[in-house]
Amino acid sequence: MGAERAAAPLMLDREVAGLHALDEAEGPRRSLLVRAWSAVWPQLAAVAAVIAAWQVVAWSGWRPDYLLPGPVPVFLRLSDDIRHPAFAVAVSITMQRALLGYAIAVLIGALTGGVVARNSLLRRACGSLITGLQSMPSIAWFPLAILLFGLSETAILFVVLLGAAPAVANGLISGIDQIPPLLIRCGTMLGARGLRLYWHVVLPASLPAFLGGLKQGWAFAWRSLMAGELLVILGNRPSVGYRLQVARDFSDAEGLLATMLVILLIGMAVDVAFTLADRAVRRRWGLTT
(Lines give C-alpha, C1' and ligand atoms only; values in the text may rest on other atoms or scores of the structure.)
Protein backbone atom coordinates (compact mmCIF):
# COMPACT_ATOMS: atom_id res chain seq x y z
CA MET A 1 0.00 0.00 0.00
CA GLY A 2 2.80 2.40 0.88
CA ALA A 3 4.58 1.58 -2.39
CA GLU A 4 1.45 2.42 -4.38
CA ARG A 5 1.12 5.79 -2.62
CA ALA A 6 4.76 6.56 -3.31
CA ALA A 7 4.37 5.65 -6.99
CA ALA A 8 1.22 7.76 -7.50
CA PRO A 9 3.03 11.16 -7.76
CA LEU A 10 5.48 9.66 -10.24
CA MET A 11 2.65 8.35 -12.45
CA LEU A 12 0.91 11.73 -12.30
CA ASP A 13 4.12 13.48 -13.37
CA ARG A 14 4.41 11.14 -16.33
CA GLU A 15 0.81 11.79 -17.40
CA VAL A 16 1.25 15.54 -17.16
CA ALA A 17 4.48 15.32 -19.13
CA GLY A 18 2.63 13.37 -21.79
CA LEU A 19 -0.04 16.06 -22.03
CA HIS A 20 2.66 18.74 -22.40
CA ALA A 21 4.24 16.70 -25.16
CA LEU A 22 0.92 16.58 -27.00
CA ASP A 23 0.56 20.35 -26.70
CA GLU A 24 4.04 20.91 -28.09
CA ALA A 25 3.74 18.36 -30.91
CA GLU A 26 2.17 20.73 -33.43
CA GLY A 27 5.37 20.89 -35.47
CA PRO A 28 7.73 23.71 -36.37
CA ARG A 29 6.20 27.15 -36.57
CA ARG A 30 5.81 28.50 -40.08
CA SER A 31 7.74 31.55 -41.14
CA LEU A 32 6.10 34.95 -41.44
CA LEU A 33 6.37 34.80 -45.23
CA VAL A 34 4.55 31.46 -45.39
CA ARG A 35 1.82 32.69 -43.05
CA ALA A 36 1.43 35.88 -45.08
CA TRP A 37 1.11 33.88 -48.29
CA SER A 38 -1.51 31.58 -46.74
CA ALA A 39 -3.53 34.69 -45.87
CA VAL A 40 -3.06 36.38 -49.24
CA TRP A 41 -3.49 33.66 -51.86
CA PRO A 42 -7.28 33.15 -51.40
CA GLN A 43 -7.78 36.88 -51.91
CA LEU A 44 -5.55 36.84 -54.98
CA ALA A 45 -7.59 33.96 -56.40
CA ALA A 46 -10.82 35.88 -55.80
CA VAL A 47 -9.34 38.99 -57.44
CA ALA A 48 -8.29 36.93 -60.47
CA ALA A 49 -11.84 35.57 -60.80
CA VAL A 50 -13.29 39.11 -60.62
CA ILE A 51 -10.84 40.39 -63.24
CA ALA A 52 -11.77 37.49 -65.54
CA ALA A 53 -15.47 38.30 -65.14
CA TRP A 54 -14.71 41.98 -65.78
CA GLN A 55 -12.93 41.09 -69.01
CA VAL A 56 -15.84 38.92 -70.16
CA VAL A 57 -18.29 41.79 -69.54
CA ALA A 58 -16.03 44.19 -71.47
CA TRP A 59 -15.84 41.74 -74.39
CA SER A 60 -19.63 41.36 -74.41
CA GLY A 61 -20.07 44.96 -75.59
CA TRP A 62 -22.63 45.71 -72.88
CA ARG A 63 -21.17 49.23 -72.67
CA PRO A 64 -18.77 50.98 -75.08
CA ASP A 65 -15.05 50.98 -74.29
CA TYR A 66 -14.99 54.64 -73.31
CA LEU A 67 -17.55 53.91 -70.57
CA LEU A 68 -16.42 50.45 -69.44
CA PRO A 69 -12.85 49.68 -70.50
CA GLY A 70 -11.37 46.25 -69.94
CA PRO A 71 -8.79 45.34 -67.30
CA VAL A 72 -5.73 45.78 -69.54
CA PRO A 73 -6.14 49.51 -70.34
CA VAL A 74 -7.13 50.23 -66.74
CA PHE A 75 -4.02 48.49 -65.37
CA LEU A 76 -1.86 50.33 -67.89
CA ARG A 77 -3.43 53.60 -66.76
CA LEU A 78 -2.81 52.67 -63.13
CA SER A 79 0.83 51.93 -63.96
CA ASP A 80 1.17 55.38 -65.53
CA ASP A 81 -0.54 57.07 -62.56
CA ILE A 82 1.74 55.35 -60.04
CA ARG A 83 4.81 56.81 -61.73
CA HIS A 84 3.42 60.34 -61.45
CA PRO A 85 4.42 62.28 -58.28
CA ALA A 86 0.86 63.55 -57.78
CA PHE A 87 -0.30 59.98 -57.20
CA ALA A 88 2.00 59.50 -54.20
CA VAL A 89 0.88 62.85 -52.79
CA ALA A 90 -2.80 61.89 -53.10
CA VAL A 91 -2.29 58.50 -51.43
CA SER A 92 -0.25 60.03 -48.60
CA ILE A 93 -2.92 62.67 -47.90
CA THR A 94 -5.66 60.04 -47.81
CA MET A 95 -3.67 57.70 -45.57
CA GLN A 96 -2.81 60.54 -43.18
CA ARG A 97 -6.50 61.32 -42.81
CA ALA A 98 -7.38 57.65 -42.41
CA LEU A 99 -4.75 56.90 -39.78
CA LEU A 100 -5.41 60.06 -37.77
CA GLY A 101 -9.18 59.61 -37.76
CA TYR A 102 -8.90 55.91 -37.00
CA ALA A 103 -6.43 56.47 -34.14
CA ILE A 104 -8.74 59.00 -32.48
CA ALA A 105 -11.71 56.68 -33.02
CA VAL A 106 -9.86 53.76 -31.40
CA LEU A 107 -8.97 55.87 -28.38
CA ILE A 108 -12.51 57.21 -27.87
CA GLY A 109 -14.18 53.91 -28.75
CA ALA A 110 -11.99 51.89 -26.38
CA LEU A 111 -12.57 54.29 -23.49
CA THR A 112 -16.31 54.37 -24.13
CA GLY A 113 -16.60 50.60 -24.52
CA GLY A 114 -14.56 49.90 -21.39
CA VAL A 115 -16.65 52.22 -19.23
CA VAL A 116 -20.02 51.10 -20.63
CA ALA A 117 -19.23 47.38 -20.44
CA ARG A 118 -18.39 47.47 -16.71
CA ASN A 119 -21.25 49.76 -15.61
CA SER A 120 -24.72 48.23 -15.76
CA LEU A 121 -26.51 51.59 -15.62
CA LEU A 122 -24.49 53.04 -18.48
CA ARG A 123 -24.94 49.78 -20.37
CA ARG A 124 -28.72 50.09 -20.21
CA ALA A 125 -28.58 53.79 -21.04
CA CYS A 126 -26.00 53.83 -23.84
CA GLY A 127 -25.84 50.31 -25.27
CA SER A 128 -28.58 50.82 -27.84
CA LEU A 129 -27.35 54.35 -28.58
CA ILE A 130 -23.88 53.07 -29.53
CA THR A 131 -25.40 50.42 -31.79
CA GLY A 132 -27.69 53.02 -33.35
CA LEU A 133 -24.75 55.32 -34.07
CA GLN A 134 -22.88 52.41 -35.65
CA SER A 135 -25.82 51.61 -37.94
CA MET A 136 -26.18 55.17 -39.24
CA PRO A 137 -24.78 55.68 -42.76
CA SER A 138 -21.70 57.87 -42.70
CA ILE A 139 -23.06 60.00 -45.53
CA ALA A 140 -25.89 61.13 -43.21
CA TRP A 141 -23.37 62.90 -40.95
CA PHE A 142 -21.85 65.10 -43.63
CA PRO A 143 -24.56 67.80 -43.78
CA LEU A 144 -24.09 68.34 -40.03
CA ALA A 145 -20.29 68.17 -40.31
CA ILE A 146 -20.22 70.76 -43.10
CA LEU A 147 -22.66 72.96 -41.18
CA LEU A 148 -20.47 72.83 -38.06
CA PHE A 149 -16.98 72.90 -39.56
CA GLY A 150 -17.43 74.01 -43.16
CA LEU A 151 -15.48 72.46 -46.03
CA SER A 152 -12.44 71.55 -43.97
CA GLU A 153 -10.26 68.70 -42.76
CA THR A 154 -12.11 68.78 -39.45
CA ALA A 155 -15.40 67.95 -41.17
CA ILE A 156 -13.84 64.85 -42.75
CA LEU A 157 -12.23 63.70 -39.48
CA PHE A 158 -15.52 64.31 -37.64
CA VAL A 159 -17.38 61.87 -39.89
CA VAL A 160 -14.54 59.30 -39.85
CA LEU A 161 -14.59 59.42 -36.07
CA LEU A 162 -18.36 58.96 -35.84
CA GLY A 163 -18.17 56.11 -38.33
CA ALA A 164 -15.43 54.12 -36.59
CA ALA A 165 -15.71 54.82 -32.84
CA PRO A 166 -19.07 53.02 -32.26
CA ALA A 167 -17.78 49.87 -33.99
CA VAL A 168 -14.64 49.89 -31.82
CA ALA A 169 -16.72 50.42 -28.67
CA ASN A 170 -19.10 47.59 -29.54
CA GLY A 171 -16.15 45.29 -30.26
CA LEU A 172 -14.68 45.91 -26.82
CA ILE A 173 -18.07 45.55 -25.14
CA SER A 174 -18.58 42.21 -26.87
CA GLY A 175 -15.11 41.06 -25.86
CA ILE A 176 -15.63 42.00 -22.21
CA ASP A 177 -19.00 40.22 -22.19
CA GLN A 178 -17.24 36.99 -23.23
CA ILE A 179 -14.71 37.06 -20.36
CA PRO A 180 -15.42 34.28 -17.83
CA PRO A 181 -16.42 35.82 -14.46
CA LEU A 182 -13.99 33.46 -12.75
CA LEU A 183 -11.10 35.17 -14.51
CA ILE A 184 -12.20 38.58 -13.20
CA ARG A 185 -12.52 37.20 -9.68
CA CYS A 186 -9.07 35.63 -9.87
CA GLY A 187 -7.58 38.92 -10.99
CA THR A 188 -9.31 40.74 -8.15
CA MET A 189 -8.11 38.20 -5.59
CA LEU A 190 -4.54 38.68 -6.84
CA GLY A 191 -4.78 42.40 -6.16
CA ALA A 192 -5.69 43.77 -9.60
CA ARG A 193 -8.31 46.48 -9.20
CA GLY A 194 -9.38 49.55 -11.13
CA LEU A 195 -7.09 50.39 -14.02
CA ARG A 196 -4.73 47.52 -13.16
CA LEU A 197 -7.59 45.06 -13.54
CA TYR A 198 -8.41 46.49 -16.96
CA TRP A 199 -4.80 46.56 -18.13
CA HIS A 200 -3.70 43.14 -16.87
CA VAL A 201 -6.93 41.10 -17.06
CA VAL A 202 -9.85 42.66 -18.94
CA LEU A 203 -8.07 43.98 -22.03
CA PRO A 204 -5.90 40.87 -22.64
CA ALA A 205 -8.88 38.54 -22.13
CA SER A 206 -11.12 40.56 -24.47
CA LEU A 207 -8.45 41.08 -27.14
CA PRO A 208 -9.64 38.40 -29.65
CA ALA A 209 -13.14 39.91 -29.86
CA PHE A 210 -11.81 43.46 -29.55
CA LEU A 211 -9.59 42.87 -32.58
CA GLY A 212 -12.73 42.09 -34.58
CA GLY A 213 -14.15 45.44 -33.47
CA LEU A 214 -10.94 47.19 -34.52
CA LYS A 215 -11.17 45.59 -37.94
CA GLN A 216 -14.80 46.60 -38.35
CA GLY A 217 -13.95 50.09 -37.12
CA TRP A 218 -11.30 50.42 -39.82
CA ALA A 219 -13.83 49.36 -42.46
CA PHE A 220 -16.26 52.05 -41.28
CA ALA A 221 -13.48 54.63 -41.12
CA TRP A 222 -12.30 53.84 -44.66
CA ARG A 223 -15.81 54.05 -46.12
CA SER A 224 -16.52 57.28 -44.28
CA LEU A 225 -13.26 58.79 -45.50
CA MET A 226 -13.97 57.96 -49.13
CA ALA A 227 -17.42 59.52 -48.87
CA GLY A 228 -15.90 62.58 -47.20
CA GLU A 229 -13.26 63.08 -49.85
CA LEU A 230 -15.94 63.01 -52.54
CA LEU A 231 -18.12 65.59 -50.76
CA VAL A 232 -15.52 67.80 -49.08
CA ILE A 233 -13.03 68.65 -51.81
CA LEU A 234 -10.15 70.87 -50.77
CA GLY A 235 -8.21 72.36 -53.66
CA ASN A 236 -4.90 72.39 -51.80
CA ARG A 237 -5.29 68.77 -50.65
CA PRO A 238 -5.57 66.54 -53.77
CA SER A 239 -6.50 63.20 -52.18
CA VAL A 240 -7.56 59.86 -53.67
CA GLY A 241 -11.21 60.91 -53.42
CA TYR A 242 -10.34 64.14 -55.21
CA ARG A 243 -8.80 62.16 -58.08
CA LEU A 244 -11.94 60.03 -58.21
CA GLN A 245 -14.15 63.10 -58.50
CA VAL A 246 -11.95 64.70 -61.19
CA ALA A 247 -12.06 61.51 -63.26
CA ARG A 248 -15.85 61.49 -63.04
CA ASP A 249 -16.14 65.16 -64.01
CA PHE A 250 -14.04 64.58 -67.14
CA SER A 251 -15.71 61.24 -67.99
CA ASP A 252 -12.31 59.54 -67.67
CA ALA A 253 -13.45 55.94 -67.21
CA GLU A 254 -9.93 54.50 -67.18
CA GLY A 255 -8.75 56.96 -64.54
CA LEU A 256 -11.92 56.40 -62.52
CA LEU A 257 -11.52 52.62 -62.46
CA ALA A 258 -7.78 52.90 -61.80
CA THR A 259 -8.46 55.05 -58.72
CA MET A 260 -11.14 52.62 -57.55
CA LEU A 261 -8.57 49.84 -57.81
CA VAL A 262 -6.23 51.83 -55.57
CA ILE A 263 -8.99 52.17 -52.95
CA LEU A 264 -9.72 48.44 -53.18
CA LEU A 265 -6.06 47.41 -52.91
CA ILE A 266 -5.47 49.59 -49.85
CA GLY A 267 -8.51 48.06 -48.17
CA MET A 268 -7.34 44.54 -49.00
CA ALA A 269 -3.82 45.24 -47.70
CA VAL A 270 -5.18 46.45 -44.37
CA ASP A 271 -7.46 43.39 -44.19
CA VAL A 272 -4.44 41.10 -44.63
CA ALA A 273 -2.68 42.88 -41.76
CA PHE A 274 -5.71 42.43 -39.50
CA THR A 275 -5.99 38.76 -40.54
CA LEU A 276 -2.37 38.08 -39.57
CA ALA A 277 -2.85 39.88 -36.26
CA ASP A 278 -6.05 37.93 -35.57
CA ARG A 279 -4.31 34.61 -36.23
CA ALA A 280 -1.40 35.54 -33.99
CA VAL A 281 -3.71 36.57 -31.15
CA ARG A 282 -5.86 33.45 -31.45
CA ARG A 283 -2.78 31.23 -31.47
CA ARG A 284 -1.37 33.05 -28.44
CA TRP A 285 -4.65 32.74 -26.55
CA GLY A 286 -5.00 29.05 -27.41
CA LEU A 287 -8.06 29.51 -29.62
CA THR A 288 -6.52 27.76 -32.61
CA THR A 289 -3.73 25.33 -33.41
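Read along the sequence, the pattern is α-α-α-α-α-α-α-α-α-α-α, which comes to eleven helices and zero strands.

A word on the ground rules. This is a predicted model, where local features need pLDDT of at least 70 and side-chain atom pairs count only at pLDDT 80 or more, while totals for chains, interfaces and linings use all residues. Residues are numbered from 1 along each chain as its sequence is written, and side-chain values use heavy atoms, with hydrogens and water left out.

Now to the inside. I'll call a residue buried under 20% relative accessible area, exposed over 50%, and partly exposed in between, using a 1.4 Å probe and protein chains only. By that rule, 35% of the 289 residues are buried.

Which residues touch the most other members of the largest nonpolar core? They are L214, W218, W222, L225 and F274, out of 55 residues in that core. A nonpolar core here means buried Ala, Val, Leu, Ile, Met, Phe, Trp, Tyr and Cys residues joined through side-chain atoms within 4.5 Å. Among the helices that each supply at least two residues to this core are α4 (85-117), α9 (195-231) and α11 (253-284).

Take L225 as an example. Leaving aside neighbours within four places in sequence, L225 is in contact (heavy atoms within 4.5 Å) with T94, R97, A98, I156 and V160.

Next, the rings. Rings of Phe, Tyr and Trp (its six-membered ring) pair if their centres lie within 6.5 Å; planes under 30 degrees apart are stacked, over 60 edge-to-face, and the rest tilted. The structure holds four such aromatic pairs. One of them joins W54 and F75, with centres 6.4 Å apart and planes at 55 degrees, so this pair is tilted. W54 lies in helix α2 (residues 32-60) and F75 in helix α3, so the pair ties together parts 21 residues apart in sequence. Is W54 buried or exposed? At 16% relative accessibility, W54 counts as buried, whereas F75, at 34%, counts as partly exposed.

Y102 and W218 make an edge-to-face pair, 5.5 Å centre to centre with 90 degrees between the planes. This pair links Y102 in helix α4 to W218 in helix α9, 116 residues apart. Both Y102 and W218 are buried, and ring pairs link Y102, W218 and W222 into a cluster.

Conventions
Helices (H or I, at least four residues) and strands (E, at least two) are DSSP runs, numbered from the N terminus.
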